[in-house]
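Good morning, and thank you for coming. I would ask you to keep the sequence and the model in view while I speak.

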Amino acid sequence: MVYVGIPKGQADQEEEVLKTIQDGDSDELTIKRFMESREKPGALWHIYAAKDTEKIREFLKKVAEEQGQENPVDHDPIHDQSWYLDRPLRKRLHQEYGVQGWAIVQFLGDVVFIPAGAPHQASPRDTVHNLYSCIKVAEDFVSPEHVKHCFWLTQEFRYLSHTHTNHEDKLQVKNVIYHAVKDAVGILRANESSLSRP
């Protein structure tokens, strides 16, 4: 979070942000950080474990059906980013499916890492709930520990409609692996003579 802009002259804004942080199921340390340190909170994240993805997807489809919405085969309630799980929906997800995420308030200067395949709160407008005007810098990367999840995501994207914004392979996992192996082989070859000595 590189910038958080707090509008001047809006005294009730702070109370509203505090209520949002509390309703967002933030822990007491986060609330204390906001109240006592006067740091600037920029965004509220809800992040879930990758292992719970199918349960969350099933839950969102169930809620959509209850509201009379269609669930087309070539769309995905998680990748479509058409849902925001407010407090009642988060509570219901926990009660019915045993899924509970983590609420993280990102303050100015904080970094949030999201593991590959981990669903995180999304609404139609934002990937997170912005508390104030803010500027975030986002970077996708592939770590060796999460290559499996990256491949899985690539496969999920492949089944989305051709007009879907996530249809293309943005991660380029195969290219990343190819270049990593190529670099490793190049380093081994360059040091081949020193490796063969007893």
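Let me begin with K61, which is placed in helix 3; helices here are DSSP runs of H or I with at least four residues, strands are runs of E with at least two, and both are numbered from the N terminus. With a relative accessibility of 34%, K61 counts as partly exposed. On this scale, buried means under 20% relative accessible area, exposed means over 50%, and partly exposed lies in between, with a 1.4 Å probe and protein chains only. The C-alpha atoms of K61 and I78 are separated by 9.7 Å, the two residues being 17 apart along the chain.

A word on the source. This is a predicted model, in which local features need pLDDT of at least 70 and side-chain atom pairs count only at pLDDT 80 or more, while totals for chains, interfaces and linings use all residues. Residues are numbered from 1 along each chain as its sequence is written, and side-chain values use heavy atoms, with hydrogens and water left out.

As to the overall fold, the protein chain has seven helices and five strands, in the order β-α-α-β-α-α-β-β-β-α-α-α. Of its 198 residues, 35% are buried.

Next, helix 2, residues 28-37. Its buried residues include T30, I31 and F34. These cover an arc of only 100° around the axis, so they lie on the same side of helix 2; the arc is taken from the directions from the helix axis to the C-beta atoms. E28, L29 and E36 are exposed on the other side. The N-terminal end of helix 2 is capped by D27, with a side-chain oxygen 3.0 Å from the backbone nitrogen of L29. After helix 2 comes R38, with a positive phi near 60°.

Helix 4 can be described in similar terms. Here L89, R90, R92, L93 and Y97 are buried. Their arc is only 160° around the axis, which puts them on the same side of helix 4. P88, K91 and Q95 are exposed, on the face turned away from that buried side. At the start of helix 4, the backbone nitrogen of L89 has a side-chain oxygen of D86 within 3.1 Å. Just after helix 4, G98 has a positive phi of about 70°.

Which helices does the aromatic pair connect? The structure holds one such pair. The ring centres of F59 and Y97 are 5.8 Å apart and the planes stand at 75°, so the pair is edge-to-face. The criterion is ring centres of Phe, Tyr or Trp (its six-membered ring) within 6.5 Å, with planes under 30 degrees apart counted as stacked, over 60 as edge-to-face and the rest as tilted. Because F59 lies in helix 3 (residues 53-66) and Y97 in helix 4 (residues 87-97), the pair ties together parts that are 38 residues apart in sequence. F59 is buried at a relative accessible area of 0%, and Y97 is buried at 16%.

Finally, helix 4 gives the most to the lining of the second largest pocket, with five residues. A pocket is an open set of points on a 1 Å grid over the protein atoms alone, where a 1.4 Å probe fits, with protein on both sides within 12 Å along at least five of seven lines; lining residues have an atom within 4 Å of a point.

Conventions:
A polar contact is a pair of N or O atoms within 3.5 Å; within protein, one must be able to donate a hydrogen and the other to accept it, and residues adjacent in sequence count only if both atoms are side-chain atoms.
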